[in-house]
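Grab a viewer and work through these exercises one by one. Try each task yourself before reading the solution under it.

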Amino acid sequence: MSSKLRILVPIKRVIDFAIKPRINKAGTGVETKGVKFSMNPFCDIALEESLRLRENNKDLVDHIHAVSIGPTKAQDVLRTALAKGADSTTLVDVGDDEVEPLAVAKILKKMVEKQNSNLVILGKQAIDDDANQTGQILSGLLDWPQATNASKVQVEGDSVTVTREIDGGSGTLRAKLPMVITTDLRLNEPRYASLPNIMKAKKKPLEKLKASDFDVDLTKRVETLKVEEPPARQAGVRVESVDELISKLKEIKAL
Ligand code: AMP
């Protein structure tokens, strides 16, 4: 396989990170009606890293393709990806149903084959389901090496060095292309799309496919029984001195 990068960036449309999610009436998930949606922040970081790999070495990257599996409206996040610099995109329209990570990974595997990708950069997790599974499952399905939670990525020829955020420090891995990387928060700070680029993105390629084009079973394997808000925090108490603090803690038997 050529070592020029053909990068696939899977992008999920999720409730905007700045919005406080509310539980729906049925208590089975988050209320999605009338709520702002955006690109999942970790996917934005994955796209940014792909763009920087190209900007830092023009000969390194052949193509950047973004793909989203979601409702028709997921086109919006793909248009944003095109405005930021992706070369082409695919929407896999699955309607409003949530697709589990296993089925997403199966579709992504087919996209990898279709696009002849040799590097997939995903977010480490989608901020709606917090599954943190798709990259790992995809690497298993493809039988490719994976480096998750990346905070630094360096590519030299077909050798990729990734620094990973781990508890209390960092770890550095090296693997050969083709491979799967998932991004952590500190990898980079994504750019904003400029207005002229948003206009130009309207003419860039956005392929529209359906779930039925992929022959993948989307049946859910996991049932959400209940989603609950965390208990409301009680108001705090101000104390005047350390002695008072200690006696209050003794009162509530915390000491
Ligand atoms: P998750 O495993 O659901 O936490 O998601 C991890 C990453 O997988 C996301 O940041 C995306 O890069 C990718 N991903 C998950 N679901 C989708 C989807 N429906 N469409 C495109 N990419 C997805």
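**Exercise 1.** How far does a polar side-chain atom of Asp-129 lie from an oxygen atom of the ligand?

*Solution.* Before you start: this is a predicted model, where local features need pLDDT of at least 70, side-chain atom pairs count only at pLDDT 80 or more, and totals for chains, interfaces and linings use all residues. Residues are numbered from 1 along each chain as its sequence is written, and side-chain values use heavy atoms, with hydrogens and water left out.

Step one: look for a polar contact, meaning a pair of N or O atoms within 3.5 Å. For the Asp-129 side chain, the distance to a ligand oxygen comes out at 3.0 Å.

Step two: check Thr-134, whose side chain puts a polar atom 2.7 Å from an oxygen of the ligand. Ala-131 uses a polar backbone atom instead, 3.3 Å from a ligand oxygen.

Step three: ask about cover. On its own the ligand has 480 Å² of accessible area (Shrake-Rupley method, 1.4 Å probe), and the protein covers 98% of that.

**Exercise 2.** Describe the shell around the ligand.

*Solution.* Start with the count: 18 residues surround the ligand (a heavy atom within 4 Å). Among the closest are Pro-10, Ile-69 and Asn-132.

Next, sort the shell by type: nine residues are nonpolar (Ala, Val, Leu, Ile, Met, Phe, Trp, Tyr, Cys and Pro), two are charged (Asp, Glu, Lys and Arg) and seven are polar (the others, Gly among them).

Finally, assign elements, taking strands as DSSP E runs of at least two residues and helices as H or I runs of at least four. β4 gives the most to this shell, with three residues.

**Exercise 3.** Which residues touch the most other members of the largest nonpolar core?

*Solution.* The largest one has 39 residues, and Leu-5, Ile-7, Leu-53, Leu-119 and Ile-181 touch the most other members.

Then find the main supplier: α1 (41–56) provides the largest share, seven residues.

Now zoom in on Leu-53. Skipping neighbours within four places in sequence, its contacts (heavy atoms within 4.5 Å) include Leu-60, Val-61, Ile-121 and Val-155.

**Exercise 4.** Is Thr-163 buried or exposed?

*Solution.* Locate Thr-163 in strand β8. Its relative accessible area is 16%, so Thr-163 counts as buried. Beyond four places in sequence, Thr-163 is in contact with residues including Asn-149, Lys-152 and Thr-172.

Conventions
A polar contact is a pair of N or O atoms within 3.5 Å; within protein, one must be able to donate a hydrogen and the other to accept it, and residues adjacent in sequence count only if both atoms are side-chain atoms. A nonpolar core is a set of buried Ala, Val, Leu, Ile, Met, Phe, Trp, Tyr and Cys residues joined through side-chain atoms within 4.5 Å. Buried means under 20% relative accessible area, exposed over 50%, partly exposed in between (1.4 Å probe, protein chains only).
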